Each structure stands twice: as C-alpha cells, then as structure tokens.
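Hi everyone, thanks for making time today. Let me put the model up on the screen, and then I'll walk you through it.

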Amino acid sequence: MIFLNLKRRQLLICIAIPLAVGGVSAWLSRESMNTFAAFDKPPLSPPGWLFPVVWTLLFVLMGLATYLVLMSAQPQQTINRALRLYGIQLGVNFFWSIFFFNLSLYLFSFLWLILLWLLILATTVRFYQISQTAGYLMLPYLLWVAFAGYLNLGIYLLN
C-alpha cells in the first residue's frame with residue numbers, strides 16, 4: 001500500500017510540474033489572449049479559448065511521459081539524462097510566452113520556438129528510447145509547437 005501511494009504521489013508530481021510551469025508562465029503573460037485577439041493572424045489560427053485547453057492537455061501528457069521515464073527499469077544515468085533534457089525544454093517553453101506577449105519580440109520568439117522544437121524532438125527521442133509510450137505521449141506537444149511556430153511566424157509577418 002505504501003508503494004502504491006508513493007507511485008501515485010510521483011505521478012501527481014510529474015503532472016504537477018509542467019502544469020505549474022505552464023500556469024506561472026500563463027499568469028505572467030495573462031493579457032496574452034487580449035493581445036492574440038488584436039493580431040492580424042494567418043489562416044488556420046484557432047480561437048483564443050483553445051490555447052489553454054490544448055496546453056493543459058499537453059502538460060498532462062508531458063507529465064505522464066515523464067512518469068513513465070522515471071519509473072522505467074533503465075539505468076539511472078539514462079533516466080537522469082532524459083530528465084535533464086526534459087527540464088531544459090520545459091524552461092525554454094516557460095519563457096516563450098513572456099518573450100512573445102510581454103516583450104513583443106515576435107521574430108526572436110519564433111527563433112526561440114525553433115530551439116524549443118529541437119529540444120522537444122531530442123527529449124521525445126530520449127523518452128522513446130526509454131519508453132516507447134513516453135515518446136508517443138510527447139508527439140502531440142511536438143506537433144503543437146510546430147503549429148505554434150507557424151502562427152508565430154505568421155503573426156510576425158502580418159503585424
């Protein structure tokens with residue numbers, strides 16, 4: 001029973017960390033949806049309400065993937081390398097909305113998203129090597145950030 005509670009706690013922590021990072025970033029850029037609504041946007045731009053829904057889902061999937069990596073039977077050094085890479089990409093993710101919405105650095109933000117996408121790709125590959133399911137859980141995030149790059153570049157060019 002104690003082991004089950006420990007696993008449940010680790011799962012909750014793994015999910016809570018990306019949700020907290022995303023939540024603090026969103027709080028720091030809390031006027032972002034007003035800003036987004038004012039932009040000239042490229043085709044296929046989703047409505048503003050969709051972003052928090054998608055990001056919440058992505059953060060939960062990231063947390064589940066992290067938990068699978070953490071609980072795997074792989075050598076601790078392999079797990080630690082993957083988790084360090086995950087932490088770096090999560091930190092890079094944190095700053096994008098601040099650069100884009102708070103500082104209006106649209107081109108820089110696009111370049112930052114390229115860096116983020118590459119870090120997510122590397123994390124996804126590492127996670128997949130440890131747990132295929134963990135790697136698959138990262139794919140929606142990778143795809144969404146690619147789409148965010150399209151939106152970011154479109155907004156830069158149109159505004």
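Predicted model: local features only at pLDDT ≥ 70, side-chain atom pairs only at ≥ 80, totals over all residues.

Residues are numbered from 1 along each chain as its sequence is written, and side-chain values use heavy atoms, with hydrogens and water left out.

So, what is the fold built from? The protein has six helices and zero strands, and along the sequence that reads α-α-α-α-α-α. Helices here are DSSP runs of H or I with at least four residues, strands are runs of E with at least two, and the numbering goes from the N terminus.

Now the overall dimensions. Along the principal axes, the C-alpha atoms fill a box of roughly 55 × 25 × 25 Å.

How much of the protein is buried? Of the 159 residues, 41% count as buried, meaning under 20% relative accessible area, with exposed over 50% and partly exposed in between, using a 1.4 Å probe and protein chains only. Looking at contacts between residues at least 6 apart in sequence, 78% join residues at least 24 apart, where contact means heavy atoms within 4.5 Å.

Helix α3, residues 50-70, reaches 30 Å between its end C-alpha atoms, close to the 30 Å expected; the expected span is 1.5 Å times one less than the number of residues. Its buried residues include Phe-51, Trp-55, Phe-59 and Tyr-67.

The protein exposes about 8,800 Å², with carbon and sulfur atoms supplying 72% of it; areas come from the Shrake-Rupley method with a 1.4 Å probe, and for residues only the protein chains shown count as cover. One nonpolar patch covers about 860 Å², and its members include Leu-107, Trp-117, Tyr-156 and Leu-158. For patches, residues need over 30% relative accessible area and no salt bridge; like charges are joined within 9 Å, and nonpolar side chains (Val, Leu, Ile, Met, Phe, Trp, Tyr) within 5 Å. A salt bridge is a side-chain nitrogen of Lys or Arg within 4 Å of a carboxyl oxygen of Asp or Glu. Which helix gives the most to this patch? That's α5, with seven residues. Leu-158 lies in α6 and is partly exposed at 44%.

Finally, the loops. Ser-29, between α1 and α2, counts as buried at 4% relative accessibility. Leaving aside neighbours within four places in sequence, Ser-29 is in contact with Ser-97, Phe-101 and Asn-102.

Leu-44 sits between α2 and α3 and has a positive phi of about 75° although it is not a glycine. Leu-44 is exposed, at 70%. Ser-104, in the loop between α4 and α5, also has a positive phi, near 55°, and is partly exposed at 39%.
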